[in-house]
Amino acid sequence: MSTGIANTAARPTRPPSRTGSRGAGTRIPLIVTAVLLVAMFTVGSLRYDGFFSTQVVLNLLIDNAFLLVVAVGATFVILTGGIDLSVGSVVALSTMITASLVQHQGWSLGAAVPLVLAIGAAGGALMGWIIHTFEIQPFIVTLAGMFLARGLCYTISTESITIDDPTTVGIAQARLYGPGGLFVSVSVIIALVVLLIAFVVLHHTRFGRGVYALGGNETSARLMGLPVGSTKVAVYAISGLCSALGGVLMTFYMLSGYALHAMGMELDAIAATVIGGTLLTGGSGFVLGTALGVLVLGTIQTVINFQGTLSSWWTRIVIGGLLLVFIVLQRLMTGRRASTD
Amino acid sequence: MTTPSTPAGPAGAAGADPGERRPVLEATGIRKQFPGVLALDRVGLRLYPGEVHALMGENGAGKSTLIKVLTGVQPADDGTLVVDGRPRTFADPLQAQQAGISTVYQEVNLCPNISVAENILIGREPRRFGLVHWSALKRRAAELLTELDLDLDVSSPLGSHSLAVQQLVAIVRAVDLSAKVLVLDEPTSSLDREEVAQLFTLVRRLRDRGVAILFVTHFLDQVFELCDRVTILRNGRLEGEYPIGELTPVTLVQRMIGGELATLDELSEKAQEEAAERVAGEPFLTARQLGRAGSVEPYDLDIHAGEVIGLAGLLGSGRTEAARLLFGADTADSGRVTVEGRTAALRTPRHAIAHKIAFCSENRKAEGVFGELTIRENVILALQAARGWTRPLSRAKQDELTRRWIEALDIRPADPEAQLRNLSGGNQQKVLLARWLLTEPRLLILDEPTRGIDVGAKAEIQKLVARLAADGTAVLFVSAELEEVLRLSHRVAVLRDHRMVATLVNDDGVTPDRILATIATGADS
Amino acid sequence: MTNRPAVTARGPMTRRLAGHRLLWPSLVLIALLLGNLAFTHDFFAVRIRDGHLYGSLVDILQYGAPLTLVALGMTMVIATRGIDLSVGSTVAIAGALACEHIATSSDPGGATTVLTAVAVALGVAVVLGLCNGLLVARLGVQPIVATLILMVAGRGVAQLITDGQIITVNSDKYHMIGGGHLLTFPFAVLLAAVLVALTALVTRRSALGLLIESVGGNPAAGRLTGIRAAGLLTLVYVFSALCAAVAGLMISSNVNAADGNNAGLWIELDAILAVVIGGTALTGGRFSLGGTVLGAMIIQTLSTTVYTLGVPPETTLVFKAFVVIAVCLVQSPVFRAKMPRRRKAAAPRSDTTADAAGRQQEARA
Amino acid sequence: ACSTEAPDSGKAGKGGSDGKITLGFAQVGAESGWRTANTKSVQDAAKKAGITLKFSDAQQKQENQIKAIRTFIQQKVDVIAFSPVVESGWDTVLKEAKDAGIPVILTDRAVDSKDTSLYKTFLGSDFVKEGRSAGEWLAKEYADEEGPVNIVELQGTTGSAPANDRRAGFAEIVEKDDKFKVVASQTGDFTRAKGKEVMQAFLKSHKDIDVLYAHNDDMALGAIQAIEEAGKKPGEDIKIISIDGIKDAFVAMTEGKINVVVECNPLLGDQLMDLTKKVADGQSVPPRVETEEGVFTQDQAAEALPTRQY
Ligand SMILES: Nc1ncnc2c1ncn2[C@@H]1O[C@H](COP(=O)(O)OP(=O)(O)OP(=O)(O)O)[C@@H](O)[C@H]1O
Ligand SMILES: Nc1ncnc2c1ncn2[C@@H]1O[C@H](COP(=O)(O)OP(=O)(O)OP(=O)(O)O)[C@@H](O)[C@H]1O
Ligand SMILES: [Mg+2]
Ligand SMILES: [Mg+2]
């Protein structure tokens, strides 16, 4: 079988250009999204008085801290090719449990929050376990989870529960001031920390790489000897945990627990993730993209609020329109055409 | 041989001196029933440390199933497995790996979305402070790749590499595990002789270290070159276990198929005789300066009706990519194609299909099969797509066509309604061939059409190609197996480094060595 | 060649297995209906009142009709690996357009008015479907975001049409679509049945169904096989929008009013659920129209059950959650295999995992 | 640097120089005809009163409303008004408004803040009272009759404030008398379609329904169709009580299909503009201004119908 030809001579050298562009290719959508976000912000600043200020950017973070945390959790699940529809309801349930424990049962916040986080993580893990063990589509299992969590909210109370516990109020209203009177809330810090942790976990731990592998091809991941089952359970647990934490942040934001909080937030979270460049089929995407996605949604909202002349229906149409423009530009600028023709 | 279900019979005792040594892996009485198919019927297998053991059998004989059952991918219905003297059952591949059995499964089972380095080392990445140590990871992966003499950008995503490269990466991954048993299920199916040689060096090294290697292949010469003993399966049953010295290629094939195999030699003679006459006349298709930046440099090619053109080259030389341009699977960014004298824009596969060009991709798993659909549906799909959805083939017609091709290619199971993903690898390949043959193309582009196909069927397919050419179909034939290319082709186009360096008329003077020399020097000497 | 007999024995068996696919959804539906019977003894009673059928079962069919239609369109979209979130908005837009047209016309009761109203609604639905199709098939936007755009904006459009009001119409002809009767049968049920039957006929008698399943099953292979994926994708999104529009007409005509904000709210979730319960996987490929119909009926029966049992609204969702999960578990072959009685059948497990993941793999290639 | 400049320039552009008042109004959404009428009333009144209106629609989400209020603060409007989605959870953002020196007016629904200095006044209706009025009408209507009176209730969206309050107010009265029995109570999501669907199921599972209490007119209108299709006469076989008072309900009342409607008036635009001007001027305003609302029975319906604006 030996050919008598020197390996090095015959070995094809690949054109280097190809390698270079492919490596960067995965990051292009992220850059494009960021550029478009800046562009959108610039247009807003030109159009509206008071838009061009650092505090507006910070408000974007203050107002979307909980969504960011929830979307980060959703990103883990989506990266494995799954989906978690329960996040919005779990957020609501967490606000409800926190509020009722603190307000009605007289628990301290320090005791209530860990319990809520544990419940969220356990609920997520349970869903992940069902999905994995019985091979049921994640859509249905998490839809049932969505029903269950929302239903449990109602069984706790159909009324909203106001929190006036001083610690909670204190944390909620605490403002961390920076130079120039700029401020952020505690939630913003928490959300950014979560984002950072998620980034490190996804890109620098075995578990995180397993998440990508699982999303790339589940059968292969199994055959490669990766712990597919526990990874799956873990991503849903993380999603549950993030939702619960998002719920806690929302409790701070609203200082109340309410069964109708976070209605439809699962769609916002999924949309933010997908706008941020993560593929719904799994295996490809960045958690930083998700953060950009959240900011895109938030900026659209801010633009609408600054406009201030839109009727209810025009509000919706314009949100849809801005989203459309954004998505289409994003598509055209990343330059990838559909694989179909 | 007469008592196939007891591997400890006379054949085993006469092995390549397993002697008193204890088998590192011993399976007995393995049974595996799929709905409607008894894939394994009381099969046994013994592997001794330091041997290379071939597992042979026709397509669908049960080789892959046996491997999956042994490594915990699928549970067995019955049977025992003893590893290192301890009875074991593996619930998943991870447990098998932990017990020292490392496996390369048939088809590439890696994750295309993550980098080459990670595919090699995922699950056991080097870590620092609990975090993945990226630079060490890349360094280690690159080191491992050099063992197979591969020089890749290890941080590029695996999916951007050709199937052959992916197959090598899968092997590298498996070898790295400090395994006692290494199982290779058709690892050489898309490799060139160059890579095969490298793989064999590696395998021998491992064998000398005392690793037991189970090797599945359809290449007889590889078996005789490398293996010490052979276990043969036939139709899910154990045919027997033999030291390689007891067998000749002919007897091996006889045991596999339970009959005689017609020889192929007359084919090549014929091809060579006809070479000159086929090239005469107007070409069916001409390509002028057809190329694509970063993939193939512009090339010229004429293909005549009734002519078989082989593409030869080394791994990654651009054969696949050259062929894809002619089908519009990748869009060319330079050059011009004419079909029957008229300019044709082959921008998408549909354009090409409209010109009666067919293309059978080398990557059957990703670009070929529709696993959920039945054999019948897979077979008629290209024809149906060409007709459009409003003109469905009648069911009777579908059944008739499917049955015809099931018979012609001996596809098993012969049930048109069987789901494709349940077919063995070789049988899936046959279904793909049937799909395109059915469309009666004027130009048939076959990229590694005999990948994973057993000896018998390979001969059938080669004959079929020759017959098609005789009937006026032009064929572009890409194969890693040079002998096969030479046997069939009237002319051979040679690629090197993504460039077409020569087109040789396949007369008496063309030998594998001459082609290899052409590749090495970049020109026909 | 010794195992050939076993292979040939497979023919009739596969056919029986195909029948099995709908077995579990059917059993679930029957169980739910029987559960109702236990609480309301004349639950199955169907009488003739005012010359048409009257009874709980009839209600389930009638209210299930719009959901069935939406789910019908959704099935085709999901078979191509897509998802259509915009159906709820399309429902609202269609109802709003038709009612607006009738309410502002000089002859609200006239047949031509109603016919043009229907035509306008369906025409606009085609445009909406084309928009979705364009984004997905031509621009390659992920279906969930592509249709999210219309989901958000569409409801605004519906409200723009109705000016945020609920438009009441008084037109017996229009009421026919969703609330009328034909030969004692609810017209909506007949309409839905005809549309389902037509869809089944067209997809299965022509090659459409096969091509859709191929595109959904392995897009990369589909491209190389010469399937016109873009055309098919556009087609299914248009079809989905059309189905949603008909459902929208039914819903608005049933209550003689168009409600831009609430009509079809969250119907996309119910529809997807119906499709999934019916056995079509969200990963695309094989689809089952029969399963979808059963799924829609299960969901509608579940709602009716909630009313019949008098489950308080606060616990309704908890109840639904448990039923949904029970339905899924019963349908899951793995779960059934793991039930103590049938231990050894645990085999399919790894196969099914492999399948699902295998499909995902193909998607990416 | 930009952040310190922006507020000043904003201030200069707004209320300060041209003397026009800017009102930021954060609406709940457009979930019903009632709400749309409410929005329209506010918009029209603002135009009439020469007030610049910054309108924001929260799509029924509290978080959106909070965001909108933050934006108003950022834009330095003169007065903020909003209809809270729900009573609770406003303290933080209201405090920010207070810190920014922007007065707040609540419309339509109160908030439950302990700190009443966070807002200047409340303008709107009392949902509990509406429920009570409905119950009182029923008690009076059946004062002389023997029991039992079987009531079915169509609730609004589960958990929403009007649904909770209207239910509670009604129950408060009805529970005083044993003859009243609420035999079934389900949510109809405030919509006609759901109202009809649920009523149809009620009619099948309960044979002897005397009274229907619907939390809004739309559900009642849907239920009427179901009752008619079941061959019964709405308003006679089954008495119907409803809340809101939209035009269609009055039409139904004149046809004898609804017995009584408790009004919940959305037209508080003019009152709101008055309050806005006063608050912007720094005048003192009463802490609670209730809108004028009535209870309409069938005999009053015909006469009131022409004056209904929505
Ligand atoms: N999941 C499955 N369901 C049903 N039948 C199956 C399944 N997997 C394998 N089979 C059948 O089992 C038999 C053995 O298949 P296997 O893949 O082991 O063959 P093989 O010897 O590896 O063939 P090849 O050389 O073509 O790879 C075949 O008839 C195949 O159709
Ligand atoms: N720079 C590169 N980085 C990664 N992959 C590359 C690069 N250049 C080429 N490739 C891959 O190598 C392959 C080029 O070789 P191609 O597959 O056409 O060759 P081939 O002769 O058919 O070899 P093979 O036997 O590997 O199929 C392509 O599949 C392409 O994806
Ligand atoms: Mg095999
Ligand atoms: Mg190749």
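1. Start with ligand 1: 20 residues surround it (a residue counts if one of its heavy atoms lies within 4 Å). The closest are B:Gly60, B:Ser64, B:Thr65, B:Ser424 and B:Gly426. Bear in mind that this is a predicted model, where local features need pLDDT of at least 70, side-chain atom pairs count only at pLDDT 80 or more, and totals for chains, interfaces and linings use all residues. Residues are numbered from 1 along each chain, chains are lettered from A and ligands numbered from 1 in written order, and side-chain values use heavy atoms, without hydrogens or water.

2. Which side chains have an N or O atom 2.6 Å or 2.7 Å from an oxygen atom of ligand 1? B:Ser64 does at 2.6 Å, and B:Ser424 at 2.7 Å. A polar backbone atom of B:Asn422 is 2.8 Å from a ligand 1 oxygen.

3. The protein buries 92% of the 640 Å² that ligand 1 exposes when taken alone (Shrake-Rupley method, 1.4 Å probe). In the shell, α2(B) gives the largest share, three residues. By class, the shell has six nonpolar, 11 polar and three charged residues (Gly counts as polar).

4. Now for chains C and A. Their contact (heavy atoms within 4.5 Å) takes 64 residues from chain C and 58 from chain A. About 5200 Å² is buried there (accessible area lost, 1.4 Å probe, summed over both parts), and carbon and sulfur atoms give 71% of that area.

5. How many salt bridges cross the interface of chain C and chain A? The rule (Lys or Arg side-chain nitrogen within 4 Å of an Asp or Glu carboxyl oxygen) finds zero. On the side of chain C that touches chain A, 39 residues are nonpolar, 15 polar and 10 charged.

How values were computed:
Buried area is the accessible area (1.4 Å probe) that two parts lose on being put together, summed over both. A polar contact is a pair of N or O atoms within 3.5 Å; within protein, one must be able to donate a hydrogen and the other to accept it, and residues adjacent in sequence count only if both atoms are side-chain atoms. Helices (H or I, at least four residues) and strands (E, at least two) are DSSP runs, numbered from the N terminus.
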